Amino acid sequence: MQARVEALRPLLRGTVLAAIVVAGADLLLLVLRHWPGSSLPKLFDDGYFSVAISVVLLAIVLLLAHRLARTLHRAESAARLQQQVLDAVEAGLVLFDADGRIVFCNRHFLRLYASLGVAARPGTTYEQLLRAVVANGIVPEAAGQEEAWIARRLADFGRTGTGLMRRMSDGSWRRIVELRLPDGGVLAHIVDVSEMVAKEEAVEVARRDAEQARERLAGAIEALPATFELYDSDDRLVLWNHALAETYPHIAPHLDKGVTFEQLTRLTLEGGGQPEYADRAQEWLALRLAQRRRGVQPSKLMNNGRGRWLRMAETRLRDGSTVAIRVDVTDFEEQRRALEQAQQELARSRQRLEDAIEALPAGFELYGADDRLMMVNRMNLQMYPQLADLPEQRPTFEQVVRTNAARGGLPFLKTPEELNAWIERRLGERRNPSEAAVHQTAEDRWTRLYERRTRDGGIVAIRLDVSELMQREQELNVLNARLARLNEELSVLSQTDPLTGLANRRAFDQRLAEEVSRAARHHMPLALLVIDIDHFKPFNDRYGHPAGDACLRRVAAALRECAGRPIDLVARLGGEEFAVLLPHQGGADALQVAERCLRAVDALAIAHMGSPVAPHVTVSVGVAQSITPAQDGAALLAAADAALYLAKRQGRRRVVLAATD
């Protein structure tokens, strides 16, 4: 528009100049005609009138010229303002006429295409502009197909109202929109959308990352060795894993229906869950709902109604939702109950032993490995009433003797030297206690003392007043026999597995350490078998624990028969795992014993329909041998365990010898 205004200015100046020339010519003719002596013919008798008309016309022309100049000035100002406004737009604007020539472009367009030079100026055709773009390599997608690309763009000229996205050679992105105007021209605007594209790409990357994270989370939830439940703030189940459906198959059809925690709890009770609340279902439901409202962890184990025990943990999240995890603790619960039963039995045995000790017609003393007094019975207190306050103080044996002497209990020791000598002798006897010793404790009182070293380094002492021993020797023999049986029972209890009668883990560990040390000292071979009953848990689940116990006993008897030498040790390590310790035997001999064990268990033909290995109970055996004098018991056991693990991986019911480095 500003160019058109500028084009009118020469026309305006020409019109004013023509009017001035015409008026001046009329005035000059008038002057010459009336000049004295002028010979100019009087062409016009009314010359004054003609001059007047010319002056009036001149005035009118000048007035119109003034108004036109003002109008042109205003138009020019408007054009400059319009140009400034369009230059301020953060987009490239370019206007083509009906012939496809640039008639206008703003400053932003010139900046976007500064490399095109004059090809981006008014007067350039659309095709020339495209060829300049291709020649400068601005559009990478046109490379190698320049003419075809130009042809497509010419065909689409003015038809891209929805916009084209173009990646530029500098890596930026531009959105180009071309609109056909009513006069046939085209208005195009170009916007740099690099930031928007970068944000969209970042959003897409974030979306993919979020999707991958969701998939990883879902995979992790499915891989959990526990059930997983997620409830929303309305306490409706929104996410769960298949372990929940497998653990509670009777509620599986309802899990996809958006059920609430209360509804699931009712379904669990209806399916036989928490059998101890079978006739008090409403009480259990009220308890669980109250715990959930207060955010209190369930205090009792869950029973799924199919013999499995589960420990449940619930966590309230910030948005009011709740995560619940149920871990199958059936094995631990059974072990706990077995442990409780064993502890109760141990407590009863200890009580019986204490009762038996209290019933002894003799003084009883028990000293720990540090030689401190740990226990005495009532008879001992009756024999030494002056020492009744000492057991609570846990004094050493020497302190007991010195206190006894100070309180008159050893009147035959007259001097400190005699006391010290007597204590030194007694300490020597205690380091190597004899079967029996008689000590004078008073002028007319004698005590027969029996001291024995316990396995943990302590000392058990039995004191008898033998003043009437001769008359009661028979009774003393009976007491000695009873004491021997008690000690033997203690030894058996501490060294024997109560179910199978084999050596227990404690006896095995002690014997393993002894044999490893002996083998190292004498450079003798030593072999170890670790034996595991294949798929024993399914056996228990299918046939019940009594049958499982019977199976363990029969397998233990078979293993004991296979290790027939007196120096061989067969032990139960725990559960369905056994060990056979073979002193003075190397790997080849140990493999023969292991094969005998394998065949012996097969020969038992104990039915096991739940085993994928065989229709009867089988075992896997790992064999290891001590190969260096420096190898300790833990390393030998670890090698046998590794071989057992390899046997299981290779299909079970086989013998594998541990590799030697």
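Contact here means heavy atoms within 4.5 Å. The model is predicted, so local features need pLDDT of at least 70 and side-chain atom pairs count only at pLDDT 80 or more, while totals for chains, interfaces and linings use all residues. Residues are numbered from 1 along each chain as its sequence is written, and side-chain values use heavy atoms, with hydrogens and water left out.

The chain holds 19 helices and 20 strands. Helices (H or I, at least four residues) and strands (E, at least two) are DSSP runs, numbered from the N terminus. Of the 661 residues in the chain, 39% are buried; buried means under 20% relative accessible area, exposed over 50% and partly exposed in between, with a 1.4 Å probe and protein chains only. Among contacts between residues at least 6 apart in sequence, 47% join residues at least 24 apart.

Arg 505, Phe 508, Leu 512 and Val 516 in H15 meet Gly 633, Leu 636 and Leu 637 in H19. By class, this contact of H15 with H19 has 5 nonpolar, 1 polar and 1 charged residues. In this scheme Ala, Val, Leu, Ile, Met, Phe, Trp, Tyr, Cys and Pro count as nonpolar, Asp, Glu, Lys and Arg as charged, and the others, Gly among them, as polar. Helix H15 spans residues 505–522 and helix H19 residues 633–649; they pack at an angle of about 115 degrees, with their axes 9 Å apart. The axes are lines fitted to C-alpha atoms, for helices over the stretch in contact, and angles run from 0 to 180 degrees between N-to-C directions. H15 and H19 are therefore roughly perpendicular to each other, the class for 65 to 115 degrees; under 35 counts as roughly parallel, over 145 as roughly antiparallel and the rest as oblique.

Aromatic rings come next. A pair of aromatic rings is described by the distance of the centres and the angle of the planes. Rings of Phe, Tyr and Trp (its six-membered ring) pair if their centres lie within 6.5 Å; planes under 30 degrees apart count as stacked, over 60 as edge-to-face and the rest as tilted. The whole structure has 8 aromatic pairs. In one of them, the ring centres of Tyr 277 and Trp 284 are 5.1 Å apart and the planes are at 40 degrees, so the pair is tilted. Tyr 277 is buried, at 4% relative accessibility, and Trp 284 is buried with a relative accessible area of 4%. For Tyr 367 and Phe 397 the centres are 5.9 Å apart and the planes at 75 degrees, so this pair is edge-to-face. Tyr 367 lies in strand E11 (residues 363–367) and Phe 397 in helix H12 (residues 397–406), so the pair ties together parts that are 30 residues apart in sequence. Both Tyr 367 and Phe 397 are buried. Phe 96, Tyr 126 and Phe 157 form one aromatic cluster.

Arg 280 lies over the face of Tyr 277, at 4.4 Å from the ring centre. A charge sits over a ring if NZ of Lys or CZ of Arg is within 6 Å of the ring centre and within 35 degrees of the ring normal. The charged end of Arg 174 sits over the ring of Tyr 113, 5.0 Å from its centre.

Asn 377 lies in the loop between strand E12 (373–376) and helix H11 (378–383). Asn 377 is buried, with a relative accessible area of 0%.
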